[in-house]
Amino acid sequence: MREELVRRARDLDAADPLAEYRERFILPENVIYLDGNSLGALPTATPARMQEVIRGEWGEGLIRSWNDADWIGAARRVGGKIAPLIGVQPHEVVACDSTSVNLYKLIAAALDMRAGRKVILSEPGNFPTDLYMIAGLERQGLAERRLAPRDQLIEALDDDVALLLLTHVHYKTGDVFDMAAMTKAAHEAGALVLWDLSHSGGALSVDLNGCEADLAVGCGYKYFNGGPGAPAYAFVAERHQKALHQPLTGWFGHAAPFAFSDDYAPAPGIDRLQCGTAPILGLAALEVGVDLVAEISVDRLARKSRALSEFFLECLGEWGLDLELVSPLDSTRRGSQLSFRHAEAYAICQALIARGVIGDFRDPDILRLGFAPAYLRFEDMAEAARHLVEVLESGEWKKPEFSERAAVT
Ligand SMILES: *Cc1c(COP(=O)(O)O)cnc(C)c1O
């Protein structure tokens, strides 16, 4: 069985047009990395680029590099490169701050654009920070949170809803929202829509403008491989930019930051989303990751991601393993991941990590395996499936050390 699956996997790898890209990442030996959806792998080009930026642009260039190395344009430049990967124009995206901070700015801006409406509608079980960022605005008396299960969201849209806030690919289950349909429903109710693309950007084909989306945010350190804590990105549709006012009115969002005026005046376009000085080192690393995704193309990545997860399920099936899949069985309806429910998911995940198969656990009972398509092979699928089967059948996960919880799970 093992030999047969590995042979088939090797055939698939030999025919894989993306196989050559594995070398463009630095991956530890004897590790099958199924957590690129949480922290993307390190591109081979990143260390050299960082060295260049640190030694050359910072060490030698010093303050001159704001102009000479275009540090001043970095947030827009990197945003502009992300733009076509999410279906929008370069002047509609800026890379800045964290996803959480961008959520705050855009939720507040949406409330400002829908005067008289206070409700932010989302679903229970959305990514925590998306729900938590509403809380601060509630405390300020500006917002009111409303949650409705995903099959009741459309009915929950009424005249009070200012903003529909959804995560395109659910972080736990991998379920994908119908972006066009949800956006249309929100617009019919007079609300704006803010899409969190953290688990879509760089892995799935996203067409924000084709869906007439209003606002979006996304993460730089997952499928864009920008490194831990990489800057995030924010999108505002061109038609909203003039009327958009976000509350973090720092000097980098000013129309003329270096005029040092006493009074705030927002920059004319997407620049008004910036707040303080851009993290140049973080943007430099992110740019390498984004360039690589653009070179491979999101469509090709999405196609391979589906093929990988389908093959993984096929391998489990061949081994006769019956685990509860909580992700949609139809690969076109899920993101680049498979999530399984098991009461002992935490210990199983730890036992897999001890074998070099790195996935993650999501409280309380989800084993989540991510299939970052740029650097995974079909052979990794066959081997990871075998490890999972062995961990479960041997009861290896029952060892006490696999139940101890670390600070980050
Ligand atoms: C990863 C993720 C975030 C991350 O937010 P940070 O501010 O970078 O910590 C936000 N939203 C979703 C849906 C995510 O998956």
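This is a predicted model: local features need pLDDT of at least 70, side-chain atom pairs count only at pLDDT 80 or more; totals for chains, interfaces and linings use all residues.
Q: Where else does a polar atom of the protein lie by a nitrogen or oxygen atom of the ligand?
A: D196 and T99 give two further cases. A polar side-chain atom of D196 lies 2.7 Å from a nitrogen atom of the ligand. At T99 the backbone takes part: a polar backbone atom there is 3.5 Å from an oxygen atom of the ligand.

Q: How much of the ligand does the protein bury?
A: To read this, start from the area that the ligand exposes when taken alone, which is 390 Å². The protein buries 87% of that.

Q: Which residues surround the ligand, and which elements give two or more of them?
A: The surrounding residues are S98, T99, S100, F127, T129, D130, T167, D196, S198, H199, Y221 and K222. Helices α5 (99–113) and α6 are the elements that give two or more residues to this shell. Sorted by class, the shell has seven polar, three charged and two nonpolar residues.

Q: Where does the UniProt record place its "binding site" feature?
A: The unreviewed entry places that feature at T99, S100, F127, P128, T129, D130, T167, D196, H199, Y221, W251 and T277. These positions span 179 residues in sequence, and their farthest two C-alpha atoms are 30.5 Å apart, so they do not all gather at one spot.

Q: F127 is on that record's list. Where is F127 found, and what is it in contact with?
A: F127 is found in the loop between β5 (119–122) and α6 (128–139). With 29% relative accessibility, F127 counts as partly exposed. Apart from its neighbours within four places in sequence, F127 is in contact with T167 and Y171.

Q: E123 lies in the loop between β5 and α6. Is E123 buried or exposed?
A: The cut-off for buried is under 20% relative accessible area. E123 has 4%, so E123 is buried. Contacts of E123, leaving aside neighbours within four places in sequence, are with L131, L147, A148, R150, L153, L166, H170 and F177.

Q: What does the record say about K222?
A: The unreviewed UniProt entry annotates K222 as "modified residue: N6-(pyridoxal phosphate)lysine". In the model, K222 lies in the loop between β9 and β10. Its relative accessibility is 7%, so K222 counts as buried. Not counting residues up to four places away in sequence, K222 touches G36, N37, S38, G40, S198 and H199.

Q: Where is Y221 found, and what does Y221 touch?
A: Y221 is found in the loop between β9 (215–218) and β10 (233–236). Y221 is partly exposed, at a relative accessible area of 27%. Residues up to four places away in sequence set aside, Y221 touches S38, L39, G40, G226, G227, P228, G229 and A230.

Q: Which backbone oxygen does the side chain of S327 reach?
A: The side chain of S327 reaches the backbone oxygen of T173, at 2.7 Å. S327 lies in the loop between β11 (324–325) and β12 (337–341), and with a relative accessible area of 5% S327 is buried. Among the residues that S327 touches, not counting those up to four places away in sequence, are R334 and Q337.

Q: How many residues of helix α11 are buried, and what covers them?
A: Helices can be read by which way their residues point. An α-helix has 3.6 residues a turn, so residues three or four places apart point the same way. Helix α11 (residues 345–354) is mostly covered, with seven of its ten residues buried. The buried ones are A345, Y346, A347, I348, C349, A351 and L352. Their cover includes β13 (357–358), β14 (360–362), β15 (366–370) and α12. After α11 comes G356, whose phi is positive, near 90°.

Q: Where is the place of E390, and how far is its C-alpha atom from that of W319?
A: E390 is in helix α12 (residues 378–394). E390 counts as partly exposed, at 29% relative accessibility. E390 and W319 are 71 residues apart along the chain, and their C-alpha atoms are separated by 9.9 Å.

Key:
Residues are numbered from 1 along each chain as its sequence is written. Side-chain values use heavy atoms; hydrogens and water are left out. UniProt positions are given in the numbering used here, feature names are shortened, and annotations may be inferred rather than shown by experiment. Helices (H or I, at least four residues) and strands (E, at least two) are DSSP runs, numbered from the N terminus. Buried means under 20% relative accessible area, exposed over 50%, partly exposed in between (1.4 Å probe, protein chains only). Contact means heavy atoms within 4.5 Å. A polar contact is a pair of N or O atoms within 3.5 Å; within protein, one must be able to donate a hydrogen and the other to accept it, and residues adjacent in sequence count only if both atoms are side-chain atoms. A residue is near a molecule or strand if one of its heavy atoms lies within 4 Å of it. Accessible areas come from the Shrake-Rupley method with a 1.4 Å probe; for residues, only the protein chains shown count as cover. Ala, Val, Leu, Ile, Met, Phe, Trp, Tyr, Cys and Pro count as nonpolar, Asp, Glu, Lys and Arg as charged, and the others, Gly among them, as polar.
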